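Me: I would like to learn how to read the features of a model. Please take them one at a time, with the general idea before the case.

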Amino acid sequence: MSEYKSELVNALHGRGYHFQSTDLAELDKRAQSERVVAYIGFDCTASSLHVGSLVQIMMLRRIQQAGHKPIILMGGGTTKIGDPSGKDKSRAMLTPDQIEANKQGILRAFGALLSIGDGPTDAVVVDNDEWLSEFGYLDFLRRFGPHFTINRMMTFESVKMRLDREQPLTFLEFNYMLLQAVDFLELNRRYGCTLQLGGGDQWGNIINGVELCRRMDQKEVHAFTTPLITTASGAKMGKTADGAVWLNDDMLSPYEYWQFWRNTEDADVGRFLRLFTDLPLDDIAQLEALEGAQINEAKVRLANEATGLLHGVDAARSAEETARQTFAQGGAGAALPTVEIARDELFSDAMRLPALLTRAGLTPSNGEAKRKIKEGAVKINDEAASDATAGVGEADIVEGQIKLSLGKKKHALVLVV
């Protein structure tokens, strides 16, 4: 039997989200007696989040499922500064238009995984530029500067890491932790927010906010962080050899997203089912217990559940069917990633096989494509291709398309137009 009584803390703890927190027993008590308002901040540095951020979105989903209220804090203000946590170098400066465009792109994933609206447990979207842009420099220093010491700030891991490596940490970035602390204070004042969640690398920043709320308003608020999500082999979640696993379907197709989950390492299946799906824990325990070839059933279930949550059940079914056709039957399912190429371009001298593989997104460069062809890892319409100087011909076009394969798991269709 769990030591916690609230549905909220039971879900966060039981599904493996807990790494560090302030008084968890006190949060458990609070969650039994009132509706907890909780937030996570997301800076607008790209037009989509990737799988590495999914655990944070899923925590907000758990907040909502347990009858509490999530706040999606978009960092329109903090994106202008840059968070040094976990970084080796300064963040590139973005224009206000770029930040706004990224913000709108990021919010697409939240619309799929959370109910956003005006209801008591609906998520609300807030931008910290609303208050951060209103502060004058001297006003900000007078209000908040006395509550922070350089001595304490120098102890935070994000600062120590950059200094230990003798990498520049700008004064701009050094101020980031103050801004994040002020975010918590403002959200507490405006929305009654009493819980900030985040990744383990955010612990120091979050604690600053907890302390600021106590010092300035005598309010007790809570911090909760997740462990760094890595695979069993030690790889960072959300990154593959081919790049980031994006959440938006215009940056990564639902089929490729499905394949990412289908290719989960055996040792990670149960953990990922708990973190990234809504399956009951008893069902997950049964899937986790499968051994040998049967573990593939659990991987398919993980892929279907995770893809269904983000892209819809139909997209998950289509991806599974495409995988079945592609792998079991040697065919080309309808959901494979596709690229359109004009016939004249396809048959031009510039479009040799390496360029075609790169254009289709199977390789990051022509040089890498040539290496893969030399290794025998490339197929055209399921037939091995060994000549890196060759192009494709009319005979390779089947019903207006060409199927390209890299290894056993990466495929794409070239649509000839």
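Reply: Start with the elements: helices (H or I, at least four residues) and strands (E, at least two) are DSSP runs, numbered from the N terminus. Gln218 sits in the loop between H11 and E6. This is a predicted model, in which local features need pLDDT of at least 70, side-chain atom pairs count only at pLDDT 80 or more, and totals for chains, interfaces and linings use all residues. Residues are numbered from 1 along each chain as its sequence is written, and side-chain values use heavy atoms, with hydrogens and water left out.

Me: How many helices and strands does the protein have?
Reply: The secondary structure comes to 19 helices and 13 strands.

Me: Is Gln218 buried or exposed?
Reply: Buried means under 20% relative accessible area, exposed over 50%, and partly exposed in between (1.4 Å probe, protein chains only). Gln218 has a relative accessible area of 59%, so Gln218 is exposed. Its phi is near 55°, a positive value in a residue other than glycine. Over the protein, 49% of the 417 residues count as buried.

Me: What is the order of the strands in the open sheet?
Reply: Two strands pair if DSSP finds at least two bridges between them. Here 6 strands form an open sheet with mixed pairing, in the order E1-E6-E5-E2-E3-E4. Strand E1 (20-21) and strand E4 (124-127) are the edges, each pairing on one side only. Strand E2 (residues 37-43) and strand E3 (residues 69-75) run parallel and are joined by 7 bridges. Tyr39 has Ile71 in E3 as its bridge partner.

Me: Which strands does helix H2 touch?
Reply: For the angles, axes are lines fitted to C-alpha atoms, for helices over the stretch in contact, and angles run from 0 to 180 degrees between N-to-C directions. Contact itself means heavy atoms within 4.5 Å. Helix H2 (residues 24-33) packs on the sheet, touching E1, strand E5 (195-199) and strand E6 (222-226), and its direction makes about 110° with that of E6. Helix H11 (residues 203-217) also packs on the sheet and touches E1, E5 and E6, with a direction at about 170° to that of E6.

Me: What is Thr22 in contact with?
Reply: Thr22 lies in the loop between E1 and H2. Leaving aside neighbours within four places in sequence, Thr22 is in contact with Trp203, Ile207, Val221, His222 and Ala223. The C-alpha atoms of Thr22 and Ile207 are separated by 8.6 Å, although the two are 185 residues apart along the chain. Thr22 is partly exposed, with a relative accessible area of 22%.

Me: Which residues touch the most other members of the largest nonpolar core?
Reply: A nonpolar core is a set of buried Ala, Val, Leu, Ile, Met, Phe, Trp, Tyr and Cys residues joined through side-chain atoms within 4.5 Å. The largest has 64 residues, and Ile72, Phe110, Leu197, Leu247, Tyr257, Trp261 and Phe276 touch the most other members. Helix H15 (residues 295-311) gives the most to this core, with 8 residues. Apart from it lies another core of 35 residues, including Ile71 and Met177.
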